[in-house]
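The exercises below concern the structure shown next. Each one sets a task and then works through the solution step by step.

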Amino acid sequence: MKDLRKSRFVIIGAGMSGILTAIKLAESGYDDFVVYEKADRLGGTWRENRYAGVACDVPSHFYSYSFALNPSWSRRFSPGAEIQSYFEKVAEDFGVTSRIRFGSEVTRCHFEAGRWEIELADGSRDQARFIVAATGVLHEPFVPDFEGLEDFEGDSFHTARWDDSLSLKGKRVGLVGTGSSSIQILPAIVEEVDTVTLFQRTPQWILPIDNTAYTQEEKQAFETEPALMQTLRDETAEMMIDGFANILIDADSPALKAVHDTCEANLNESVKDPELREKLRPDYRAACKRLIMSEGFYDGIQRPNAKLETGAIDGFEAGGIRTQDGRLHELDVIILATGFKVDAFVRPMEVTGWDGVALDGIWQEGPRAYMAISVPQIPNFFMLNGPNSPVGNFSLIEIAELQVAYILALLEQLGEVGGTEVASTPEAMSRFDRERREAAKKTIWNSGCRSWYLDSSGLPTAWPWTFDRFQEEMQAPRMADYEVR
Ligand code: NAP
């Protein structure tokens with residue numbers, strides 16, 4: 001029996017899951033930890049994504065920590081800046097902010113003689129027994145290799161590198177891509193710009209949502225009677241789990257057909273011009289790509305100053321974007337809503353575990369992790385929202401809370417068996433991976449579309465089983481699947 005509570009922890013990343021880890025470690029008596037954050041502010045994805053219209057498409061009372069409900073959410077789906085403030089407040093309230101070292105990018109973690117040797121970009125070093133990598137999922141912008149990208153003479157930037165100082169008022173804006181980010185941006189800018197041209201390679205199904213603001217009375221009631229918020233959260237969770245997360249894993253489920261029908265009716269009823277309607281009609285099934293929820297997109301794209309361009313992009317030029325049919329679309333600003341490098345996870349950080357084995361080598365064929373948390377040969381290194389974690393229109397907070405509870409239970413069991421080092425066994429990883437790949441074939445994500453959910457072999461990478469199964473697995477680590485030293 002060993003008490004690991006005196007062990008030192010390094011948490012990498014001060015976003016949603018890093019803040020959560022700090023709170024839960026302290027609460028469980030593990031008080032020797034630091035949070036390294038590369039930026040000068042906490043908030044992760046909500047710090048990085050400040051584009052016009054940014055919001056969370058998971059209802060706010062569900063996209064909150066279970067232990068820090070927030071009576072002040074302004075809307076069913078609150079805007080990004082409000083979510084950023086929420087994380088700042090929680091971090092302050094729970095004493096996390098003072099434990100964060102800002103401007104500290106971890107570049108290398110090397111396991112030697114029972115400890116992690118940690119190197120930072122500023123040349124400083126640290127040592128720890130355990131690392132929690134709360135480094136986020138989509139954090140490395142992906143910009144396609146468009147011909148002439150550098151030649152464009154106007155302003156051009158990725159959605160996660162939004163230029164806060166730039167006014168779009170009266171500008172001719174090009175918006176490339178039709179993912180969740182772009183669909184939020186278009187209705188948010190259409191009124192102020194001169195024109196917005198949406199460059200669409202693939203149309204999207206859009207699930208209509210009602211994003212009504214909470215009234216003052218409702219917010220007051222949440223404040224004075226927190227049980228109301230709890231009930232709302234529980235109901236939302238149930239609706240998201242049973243009505244959504246659990247149906248995605250069976251492409252043949254009638255519930256998925258109902259979602260598809262709702263999206264189809266939304267398109268048919270919302271878009272008046274038949275030609276535009278057909279251009280916006282996807283040829284794959286709803287929820288194959290991450291389902292987009294929007295209140296205003298169809299309205300936005302039908303404004304007289306909005307144009308939908310479906311011709312393939314040939315390249316960028318000084319004056320704008322040329323499509324393959326030879327037309328030049330003259331633009332002042334180009335917004336690249338082109339997504340993220342989805343297989344980055346903890347990288348570009350360099351990680352080497354037992355016997356100098358490199359994580360990059362283990363991940364040669366793509367990132368994977370046993371139970372989405374641990375990688376063989378990489379001991380005492382736990383990932384949150386890592387590879388194979390559940391994704392898909394669901395609260396990543398709920399997922400991270402379950403994962404942190406699992407890691408704490410794993411540490412407890414490690415102490416009980418007298419060990420100080422733990423990593424999943426290669427056998428457990430292979431079995432998990434084999435079963436995961438088999439189950440992935442039946443999911444809606446595998447029903448015939450291109451999306452960031454797919455790995456290089458074309459199979460979905462996310463947790464392919466029910467959310468209930470995820471909850472069950474996270475209840476208690478199976479120690480037989482771990483190598484302990
Ligand atoms: P995305 O979903 O990966 O979309 C990228 C878009 O860029 C796609 O439409 C893609 O077209 C297009 N694209 C990529 N390369 C292209 C090329 N060479 N030529 C033309 N078009 C190209 O990225 P995202 O919109 O940033 O969203 C990523 C994820 O972030 C979402 O799925 C979601 O998980 C998260 N997110 C969440 C929220 C939220 O409300 N919670 C909001 C924003 C983002 P194809 O479809 O043809 O590949």
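A salt bridge is a side-chain nitrogen of Lys or Arg within 4 Å of a carboxyl oxygen of Asp or Glu. The structure is a predicted model: local features need pLDDT of at least 70, side-chain atom pairs count only at pLDDT 80 or more, and totals for chains, interfaces and linings use all residues. Residues are numbered from 1 along each chain as its sequence is written, and side-chain values use heavy atoms, with hydrogens and water left out.

**Exercise 1. Salt bridges**

Task: state how many salt bridges the structure holds, and locate the partners Arg 5 and Glu 412 in the chain.

Solution. Step one is the count, which is 39 salt bridges. Step three places the partners. Arg 5 is in the segment before strand 1 (9-12), and Glu 412 is in helix 11 (residues 396-416). Helices (H or I, at least four residues) and strands (E, at least two) are DSSP runs, numbered from the N terminus. The two residues are 407 apart, and the pair links distant parts of the chain.

**Exercise 2. The domain interface**

Task: describe the boundary between domain 1 and domain 2 by its contacts, buried area and salt bridges.

Solution. Start with the bounds, which come from an automatic or database domain assignment. Domain 1 covers 4-140 + 341-484, and domain 2 covers 149-205 + 249-336. Taken over C-alpha atoms, the centres of the two domains are 31 Å apart.

Next, count contacts (heavy atoms within 4.5 Å): 24 residues of domain 1 touch 26 residues of domain 2.

Then take the buried area, meaning the accessible area (1.4 Å probe) that two parts lose on being put together, summed over both. The value is about 2300 Å², and carbon and sulfur atoms give 52% of it. On the domain 1 side, Tyr 51, Ile 444 and Arg 450 lose the most area to domain 2, together 29% of what that side buries.

Finally, there are 3 salt bridges between the domains.

**Exercise 3. An aromatic pair**

Task: classify the pair formed by Tyr 65 and Phe 87.

Solution. Rings of Phe, Tyr and Trp (its six-membered ring) pair if their centres lie within 6.5 Å; planes under 30 degrees apart count as stacked, over 60 as edge-to-face and the rest as tilted. A search of the whole structure gives 29 aromatic pairs. For Tyr 65 and Phe 87 the centres are 5.6 Å apart and the planes make 75°, and the class is edge-to-face. Tyr 65 sits in the loop between helix 2 (45-48) and helix 3 (80-93), and Phe 87 sits in helix 3, so the pair ties together parts that are 22 residues apart in sequence.

**Exercise 4. Backbone exceptions**

Solution. Most residues other than glycine have a negative phi, and most peptide bonds are trans. Pro 348 lies in the loop between strand 17 (333-336) and strand 18 (350-352). Ala 372 belongs to the loop between helix 10 (359-362) and strand 19 (381-383).
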